Amino acid sequence: MTDQALQPAAQETTTFVDVERRIRAILIGSAGNLVEWYDFYAYTAFALYFAPAFFPSKDPVVEQLNAAVVFAATFLMRPLGGWLFGYIADHFGRRLSLTVSVLCMCFGSLIIAVTPTYASIGFAAPVILALARVIEGLSLGGEYGASATYLSEVADAKHRGFYSSFQYVTLIGGQLTAIIVLLLLQKVFLTPDQLKAWGWRIPFAIGAGLAIFVAVMRRNLQETEAFVEAKKKVRPSGSIVQLFKYPRELLLVVGLTAGGTAAFYTFTTYMQTFVKLSVGLTEDQTTTVIFGSLLFATILQPIYGAISDRIGRKPLLIFFGVAGTLATIPILTLLKETKEPFIAFLLICAAWIFVAGYTSINAVVKAELFPTNVRALGVGVPYALTVSIFGGTAPAIALYFKTIGHETWFYYYLSGVIFLSLIIYATMRDTKHASAMHRHE
């Protein structure tokens, strides 16, 4: 594949060569997204095994709460990552930003793989673990904005929702990959004692190796024509000052993200802990249920993305807002009461039917709000800030309510946050019909 930039979406006729070129660009861009999220989610998938090594306690809920707090703390770095890598993407190009971000993830994952346990070095162990997660948070903060921008810009206008939905296909795919590694280690290669003793290090070592491989692939990633054209017409900015010229769009990203990210992290990262500690499923049942529900969620993303190309983005967002507000409390209540793995699987899938209304198109909606010269920054920074407040904290808030004996309070909290976003969905413009994708300001 050559390094030639893609043609402008508005000026192309769709040919087989064009489709092939777009698909190859999306696959390379998405591969890095998958590896980054695999590295990030390996922490959650293996938390049940390594939490005692870093946070020894007689109460397993406290161990998981401590692990969840570190998980939430990494999100504090995501706004900084959104700014840093957004600046690189808007100033020097999407390709460079995507390559550097995956190298940062490699470094963070490698640190976790080799960090001694609490029994060996005491309090330094969780400190080093937190440092590694901070580095990974910095990486992910930049990956989202650059990836959302890249996938949206390489797509043609008629299929932008479909193509950009692959950001969450690979994002969820990263978690699926982490679970596949977990299943292989659980069922084929290691005993439970070996996993708890040292086997949990293996997925982080794998992630570091995959990140290096993807970084090499991304060196040959095609730059988007939108960035090339914008660079000809205006001086690259990528600055916060320039970004503040779009206050309405920034606030829209915050409102768009709050409810969706809280729901997403509830039904991905927290679900593994919830069905184990609250529902009472075994570790094997927990892994199987989460894997099946995430596979279902992955299938939904391109379907919903294609639907948005036909009916618009706004109807899907409103569907998520209404269904999420009304159905979250009943679903979580029934989920806690059931003891059947298959029923738990069906309930989580039911939640994904409306959560996918947000996840499938949120990247393209945000990208369509901003002109090219500040797009990566505009998508990445307010998104990272909002995720830090509402997304990364979701597991910790849920576990905190559980420890004080009021687990159901979290159900109402989540439903309320989704309702706040519903207000934004109902009053915003449909970005499919009012897109800024071809504005270079």
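Modeller: Start with burial: a residue is buried under 20% relative accessible area, exposed over 50%, and partly exposed in between (1.4 Å probe, protein chains only). This is a predicted model, in which local features need pLDDT of at least 70, side-chain atom pairs count only at pLDDT 80 or more, and totals for chains, interfaces and linings use all residues. Residues are numbered from 1 along each chain as its sequence is written, and side-chain values use heavy atoms, with hydrogens and water left out.

Colleague: Why is D309 called buried?

Modeller: D309 has a relative accessible area of 10%. The limit is under 20%, so D309 counts as buried.

Colleague: What makes R313 and D309 a salt bridge?

Modeller: The term asks for a side-chain nitrogen of Lys or Arg within 4 Å of a carboxyl oxygen of Asp or Glu. The R313 and D309 side chains meet at 3.0 Å, N to O, so the pair qualifies. R313 is buried too, with a relative accessible area of 2%.

Colleague: Which salt bridge does R313 form with E368, and where do the two residues lie?

Modeller: The R313 and E368 side chains meet at 2.8 Å, N to O. R313 is in the loop between α15 and α16, while E368 is in the loop between α18 and α19, 55 residues apart. Helices here are DSSP runs (H or I, at least four residues; strands are E, at least two), numbered from the N terminus. E368 is buried because its relative accessibility is 0%.

Colleague: Why is K402 called partly exposed?

Modeller: K402 has 22% relative accessibility, which falls between the buried and exposed limits, so K402 is partly exposed. Its salt-bridge partner is E407, with the closest N and O atoms 3.8 Å apart. E407 is buried, with a relative accessible area of 6%. Elsewhere, salt bridges that share partners join R160, D309, R313 and E368 into one network. A search of the whole structure finds seven salt bridges.

Colleague: What does T99 touch, and is T99 buried or exposed?

Modeller: T99, in helix α5 (residues 94–114), touches A215, R218 and R219, not counting residues up to four places away in sequence. Contact means heavy atoms within 4.5 Å. T99 has a relative accessible area of 12%, so T99 is buried.

Colleague: How much of the chain is buried?

Modeller: Buried residues make up 61% of the 441 residues. The chain has 21 helices and zero strands.
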